[in-house]
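I opened the notebook to look up a few things, one at a time.

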Amino acid sequence: MKLFLSFTRLEFLAASMYRGEFWLRIANNLVVMYGAYWLWNTLYDRQPQIFTISREQMLAYGMLAMLMDTFFSASNHVRYYIMGQVRTGAIQMDLLRPLDLVFHLLARNSGQMIFSVLTQGLPGFLAGALFLGLRPPSNLQDGLLFLLSLLLAYLVAFTLNFLVGMVAVYVTEAQRISWAYYALLRFFSGQAVPLWFFPPFLAQIAYLLPFRCIIAVPLSIYIGQLSFQEALSALGLQALWAAALLAACQLTWYRAHTRLTVQGG
Amino acid sequence: MPLIQVQSVTKQFRRRLRREGFRGALSNLFLPKYEAITAVDQVSFAIQAGEIVGYIGPNGAGKSTTIKMLSGILVPTSGAIEVLGLIPSRQRKQYARQIGVVFGQRTSLWWDVPVIDSFHLLRDIYKVPEAQFRRNLELFSDLLGLGGFIHVPVRQLSLGQRVLADIAAALLHDPAILFLDEPTIGVDVVSKERLRGFLREINQARKVTILLTTHDMNEIEKLCSRVLIIDHGRILYDGNLEDIRTRYASERLLAIEFEAAIPDFSLDGALLKRSQGRKKWFAFNRFETSVPSLIATINLKYPVADLTVTEPEIEDVIRLIYQDQAGRMGPAQG
């Protein structure tokens, strides 16, 4: 645990070295949140009957989906890191450490994630609350469940990124697969369009994929769309996915490691 | 029992053959062909605790591959490696705690943060007790002159400074063995001298066993009690540096300055190499021709003012070995 914190601290320090990026991202967050605000407001004005939820709920979902996309992008570092290390052969430096790679990268990435939440998520949330009418969850219980859900969402995002990064061990040009992953994520996580607007067969697919655990599940809890029972089972689903994906990471890494040490990367 | 035991280790890589042209590209896609490349071929050696061994060879000879197998990040295709009683690639984590590895071309430090922050993390990774960490940090700052840049982010360091910081990083956890793969890349003369002093110090005071690869013969001469020469994946020589001269460099050069300029002449058992003014240079085989008789013969013919016999530079000998090894030598028996 001490080691975990030590990693977190270092990555936090490293991330804080770039000040320009910090301001750019804040500005970016405000713009995309405003875009979502304007879009959903306009749609609501036109056809309020197609929404099964209130205007405030829809606006909160839309803006937070945008905000989460930016601060959750810290989990993409895992994917880029693995792909870069494999391509340059520097992955061997990671093999020299007396550490398990999954743990190593989770510890590294958590620091980046915490930094991202503090410097992107919180300011974006406050700005939304101040200027765009972003409402906090309607009760404390939903708020706490949301935070728990966010943590599980991060684990799912981390493991998926890890697995996609591992593709680089087998495929020289993994960049395209990485883009494909991102496109799938945006669509099936409910980030661009909430899942309840999907036609039935697409909704069915989205339901079977892990992506919705990253955005749709935590936000449904946030806006109070789920009852307490439903929220608990949604958290259970996230936890199951996270556990299964973590196991998949270990298995994949075990095989990739063998390949790297036999083939030399 | 030696600390490092390498027994007929071979490492082969598979490389995809890239065929040319349109048809070639198509068959690359559907029927990829592979060729096996033998990077290390039946290599055996043993290193005792406390030795400093230089591992040399031309580019692509198999040095780095050997170091990678010894540090547990590559598995040998065949043969056996045992270090500190462990099998490096199998007991990777346990083994990694007991060795230090530096690849001069790569860094194990965090790019964006000051050196000292990376050291703190390494302290936690290797679970180094605080007192030991402080003591090491002080010693390394002292001997390697890290003090000047320990608070500077790694990306702003010069290559030489970064290498010194990496070497310190590899030793924070007091490893029993240090593997160095070209540790003096980009290091200036003064820092090189300092680094050599440092390596000698940790070898003597802490009994750290060191295996290093380098292209700098000067370094080998000053540091290593023993050298391994490898080329085309095979060990050509295993022994001390002086023996290389006696074994492979039988030619000596005799430079004579006469009292007056004289015409060229020939000698039994020596070959006139060069002639300039009153000076002449003769090459001879030191096993076939004795220096006193050579000088006596010359002195009988012309009055000699001054003379010197020179041994070949170690660098030249090594070059001879690299160039020559295919034909004349074959693998040495060590």
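**Entry 1: two helices in chain A**

I looked at how H4(A) passes H7(A), and the crossing is right-handed. This is a predicted model. Helix H4 covers residues 76-88 of chain A, and helix H7 covers residues 140-170. I noted two values for the pair, because packed helices are described by the angle between their axes and the distance between the axes. The axes of H4(A) and H7(A) come within 8 Å. They cross at roughly 15°. Angles under 35 degrees count as roughly parallel, so I wrote down H4(A) and H7(A) as roughly parallel to each other.

Which residues meet there? From H4(A) I listed A:Asn76, A:Val78, A:Arg79, A:Ile82, A:Met83, A:Val86 and A:Arg87. From H7(A) I listed A:Phe158, A:Asn161, A:Phe162, A:Val164, A:Gly165, A:Met166, A:Ala168 and A:Val169. I sorted the residues of this contact by type: ten are nonpolar, three polar and two charged.

**Entry 2: domains of chain B**

I turned to chain B and its domain assignment. Domain 1 spans 49-245, and domain 2 spans 250-310. How far apart are the C-alpha centres of the two domains? In chain B they lie 46 Å apart.

**Entry 3: a sheet in chain B**

I traced an open sheet of four strands in chain B, in the order E11-E12-E10-E13. The pairing is antiparallel. Which strands stand at the edges? They are E11 (270-276) and E13 (304-310) of chain B. Each has a single partner strand, so one side of each is left without a neighbour in the sheet. From one strand to the next, the twist averages 20°.

Next I checked E10(B), residues 251-258. Six bridges join E10(B) to E13(B), and the two run antiparallel. I found B:Ile256 opposite B:Leu307 in E13(B).

A helix packs on this sheet: H10 of chain B, residues 291-301. I saw that H10(B) touches E10, E11, E12 (279-285) and E13 of chain B. The direction of H10(B) makes about 155° with that of E13(B).

**Entry 4: where chain A touches chain B**

How many residues does each chain bring to the contact? Chain A brings 20 and chain B brings 23. On the chain A side, I found that H1 (2-15), H5 (91-95) and H11 (228-263) each supply at least two residues. H1(A) gives the most, with seven residues. I sorted the chain A side by type too: 13 residues are nonpolar, five polar and two charged.

Key:
Residues are numbered from 1 along each chain as its sequence is written. Chains are lettered from A and ligands numbered from 1 in the order in which they are written. This is a predicted model: local features need pLDDT of at least 70, side-chain atom pairs count only at pLDDT 80 or more; totals for chains, interfaces and linings use all residues. Domain bounds come from an automatic or database domain assignment. Two strands pair if DSSP finds at least two bridges between them. Axes are lines fitted to C-alpha atoms, for helices over the stretch in contact, and angles run from 0 to 180 degrees between N-to-C directions. Two residues are in contact if their C-beta atoms, placed from the backbone, lie within 7 Å. Ala, Val, Leu, Ile, Met, Phe, Trp, Tyr, Cys and Pro count as nonpolar, Asp, Glu, Lys and Arg as charged, and the others, Gly among them, as polar. Angles under 35 degrees count as roughly parallel, over 145 as roughly antiparallel, 65 to 115 as roughly perpendicular and the rest as oblique. A crossing is left-handed if the near helix is turned anticlockwise from the far one by less than a right angle, and right-handed if clockwise.
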